[in-house]
Amino acid sequence: MIEEYLKIHGDYRNDKSFKELTTIKMGGEIAHYIEPYNIEDLKQIISFLKVNCIPFKVIGNGSNLICGSSRFEGVVICLKHFDNYEINNNIIYVEAGVMVPYLVQVMLKNNLKGLEFASGIPGTIGGLIYMNAGAYKQDMSSVVKEVLVLKDDEVVRMNIDELKFAYRYSIFQEHPRWLIIAAYLKLEAGDPIKTKALIEDRAMRRRQSQPIDKPSAGSCFRNPEGDFAWKLIDGIGYRGMRINDVEVSNKHSNFIINTSNGCGEDYLKLALDIQEKVNAKYGIKLVMEVEKFNC
Ligand SMILES: Cc1cc2nc3c(=O)[nH]c(=O)nc-3n(C[C@H](O)[C@H](O)[C@H](O)COP(=O)(O)OP(=O)(O)OC[C@H]3O[C@@H](n4cnc5c(N)ncnc54)[C@H](O)[C@@H]3O)c2cc1C
């Protein structure tokens, strides 16, 4: 019955797994997967799932998720069809499913700047707003003006003051049933040659310092106030430490990578071990930046 209903409202699959939907390539099978065609279909799906008490999870590019190996008996919703954008002077209206590195290219073509900090973050607009993702001392709070949100079966506008942005935090983390549909970003006029040069320089630095050629979910831990997680992990001698096919990267010790057939359970075991050792040595409680799901 779920399958029949979902098939009317989007591209449906019952053979997906988190392994193929996450950048770290870990995680179990998914009972139902749907890419809703449009906002009306999305509304119908959410109401149906709520009425029938069926668990669901919206995902972007799966670049911040660590999923367990057991089968998820719910519905994974991916907003791939929410991929439109429109530019009016320096304001970009962009839907939640647009990949941010792609949007950065659009920004450059339109002689704008403001999103260069996010050019190496492999996620969607929805995911970056949810996480208030950032780099180089800048984050999404510096560009988001307004967000369109599906909450309680209605699409509402939320302005920046309502989003409670803080370091890697937004109000959406308290409300997993609110869905980000689109956003208005405020950028500035910029010199595309200079902006491009800055982006390329940072991309080169990322390639040199991060294992971006290996499956990962980015930084495992948030940086504690006034410190760096990678330094603390180095301090306990964990660079290169591994559990089965999950390894603290030799290139950047705040990245935990999947060397071949790693699983979320081993990832979390290694992360917990790091937290305990860092706490014992430095009295600092590292907080995970990645999100665990279904484990
Ligand atoms: C190589 C690499 C480098 C990275 N570098 C950085 C970095 O420099 N800075 C940084 O901050 N992060 C970084 N990350 C982590 C990650 O890319 C970010 O956290 C990003 O914001 C996740 O976006 P996503 O679309 O992949 O979201 P997902 O991982 O799919 O989801 C993350 C969370 O957002 C929620 N979500 C997604 N879309 C929506 C929506 N439309 N409505 C409501 N909730 C939604 C999901 O339910 C989930 O809870 C990196 C990751 C990798 C793999």
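Which residues of the largest nonpolar core touch the most other members? In this predicted model, they are Ile125, Leu128, Ile129, Ile180 and Ile256, out of 78 residues in that core. Strand S13, which covers residues 179–186, supplies the largest share of the core, with six residues.

Setting aside its neighbours within four places in sequence, Ile125 is in contact with Val94, Ala96, Val98, Val100, Leu103 and Ala183.

Domain 1 brings 13 residues to the contact, and domain 3 brings 15 residues. On the side of domain 1 that touches domain 3, strand S4 (residues 65–67) gives the most, with three residues. Sorted by class, that side of domain 1 has five nonpolar, six polar and two charged residues.

The ligand comes next. There are 32 residues around the ligand, and those that come nearest are Gly60, Gly123, Gly126, Gly127 and Gly218. Several elements give two or more residues to this shell: strand S3 (56–59), helix H5 (125–131), strand S9 (134–135), S13 and strand S15 (216–219). Of the elements, H5 gives the most, with five residues. By class, the shell around the ligand consists of 17 nonpolar, 13 polar and two charged residues.

A last stop is Met140, in the loop between strand S10 (138–139) and strand S11 (144–151). Is Met140 buried or exposed? Met140 counts as buried, because it has 27 C-beta neighbours inside 10 Å, and 20 or more are needed for that class. Not counting residues up to four places away in sequence, Met140 touches Leu128, Ile129, Asn132, Ala133 and Gly134. Leu128 and Ile129 are also among the core residues that touch the most other members. Gly114 stands 26 residues from Met140 along the chain, and the C-alpha atoms of the two are separated by 9.7 Å.

Technical notes
Residues numbered from 1 in each chain as written. Predicted model: local features only at pLDDT ≥ 70, side-chain atom pairs only at ≥ 80, totals over all residues. Contact = placed C-beta atoms within 7 Å. Helix = DSSP H or I, 4+ residues; strand = E, 2+ residues; numbered from the N terminus. Nonpolar A, V, L, I, M, F, W, Y, C, P; charged D, E, K, R; others polar. Core = buried A, V, L, I, M, F, W, Y, C linked by C-beta atoms within 7 Å. Buried ≥ 20, exposed ≤ 12 C-beta atoms within 10 Å, placed from the backbone. Near = placed C-beta within 6 Å.
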